[in-house]
Amino acid sequence: MRTCRAAAAGKFTVVLATLMMLVACGSSGPSPRAWAASVCSALTPWRAEISKLTNSTDQQMTAQTTPAQAKENLVRLFGGAEQASETARRKVEQAGVPEVEHGEEVSAGFRASLASMRDAYGRARTTIDGLGTGEASTFYDGVQAAVETLQQEYDASALDTSRLDSEELKRAFDEVPECR
């Protein structure tokens, strides 16, 4: 009887030790290079989309369209920027936490910055969607105010890279092809 219990306890200990090792190995994050590559892969299409949307917005602001047409286009454009920012945020979240000192803080900073940008675009979209189009000058004044607020919120949400004090991550961002 004692031998069976001892053998069972021994097997349980081996299984528990194996599980603990698997959890410890599985919880480590990606290397700095792998994380930087994932983040840049998430941000490259986002930047391209934001650039395209910004150019389209500038064109809408100067185009000879009716306020109703401009409203529809701007709401669509800002909705696209909002969605692109959320997609990039999710991809950065999926990249995990880099295996560097303060990796969680760095990852959280990237995600928070993208979430703030997403929210700023969403607020601009909602503001413009709520504008009346009956009086053109009033509509365009409202659009201008919404765009100025968006720019302020966008600037405020920028990632403070001075806190990215990991030499490993700085080197990774400089070296991986996805970030060039």
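Contact here means heavy atoms within 4.5 Å. This is a predicted model, in which local features need pLDDT of at least 70 and side-chain atom pairs count only at pLDDT 80 or more, while totals for chains, interfaces and linings use all residues. Residues are numbered from 1 along each chain as its sequence is written, and side-chain values use heavy atoms, with hydrogens and water left out. Helices are DSSP runs (H or I, at least four residues), numbered from the N terminus. Buried means under 20% relative accessible area, exposed over 50%, and partly exposed in between (1.4 Å probe, protein chains only).

**Lys71**

- Lys71 lies in helix α3.
- By contact, Lys71 touches Ile128, Asp129, Leu131, Thr133 and Phe139, leaving aside residues up to four places away in sequence.
- Lys71 is buried but has no salt bridge; a salt bridge is a side-chain nitrogen of Lys or Arg within 4 Å of a carboxyl oxygen of Asp or Glu.
- The nearest side chain of opposite charge is Asp129, 4.5 Å away; Lys and Arg count as positive and Asp and Glu as negative, with His and the chain ends not counted.
- At 2.7 Å, the Lys71 side chain reaches the backbone oxygen of Leu131.

**Helix α5**

- Helix α5 spans residues 136-156, which is 21 residues.
- From first C-alpha to last, α5 reaches 30 Å, close to the 30 Å expected at 1.5 Å a residue; the expected span is 1.5 Å times one less than the number of residues.
- The buried residues in α5 include Phe139, Gly142, Val143, Ala146 and Leu150.
- These residues sit on the same side of α5 because they cover an arc of only 100° around the axis, the arc being that of the directions from the helix axis to the C-beta atoms.
- Thr138, Asp141, Gln152 and Ala156 are exposed on the other side of α5.
- The cover over the buried residues of α5 includes α2 (32-62), α3 (67-94) and α4 (103-129).

**Trp35**

- Trp35 is in helix α2 and is buried, with a relative accessible area of 0%.
- Residues touching Trp35 include Pro30, Val97, Pro98, Phe110, Leu169 and Phe173, not counting residues up to four places away in sequence.
- Trp35 and Val92 are 57 residues apart in sequence, and their C-alpha atoms are 8.7 Å apart in space.

- The structure holds 11 salt bridges.
- One of them pairs the side chains of Glu82 and Arg125 at 2.8 Å, N to O.
- That pair links distant parts of the chain, with Glu82 in helix α3 and Arg125 in helix α4, 43 residues apart.
- Arg125 is partly exposed, at a relative accessible area of 25%.
- Arg118 forms a salt bridge with Glu86, with closest N and O atoms 2.6 Å apart.
- This pair also links distant parts of the chain: Arg118 is in helix α4 and Glu86 in helix α3, 32 residues apart.
- Glu86 counts as buried because its relative accessibility is 15%.
- Arg118 also forms a salt bridge with Asp119, the closest N and O atoms being 2.9 Å apart.
- Asp119 is partly exposed, at 32% relative accessible area.
- Through salt bridges that share partners, Glu86, Arg89, Arg90, Glu93, Arg118 and Asp119 join into one network.

**His102**

- His102 is in the loop between α3 and α4.
- His102 is partly exposed, with a relative accessible area of 42%.
- The phi of His102 is near 65°, a positive value in a residue other than glycine.
- Most residues other than glycine have a negative phi.

Notes:
Helix = DSSP H or I, 4+ residues; strand = E, 2+ residues; numbered from the N terminus. Polar contact = N/O pair within 3.5 Å; in protein donor to acceptor, adjacent residues only side chain to side chain.
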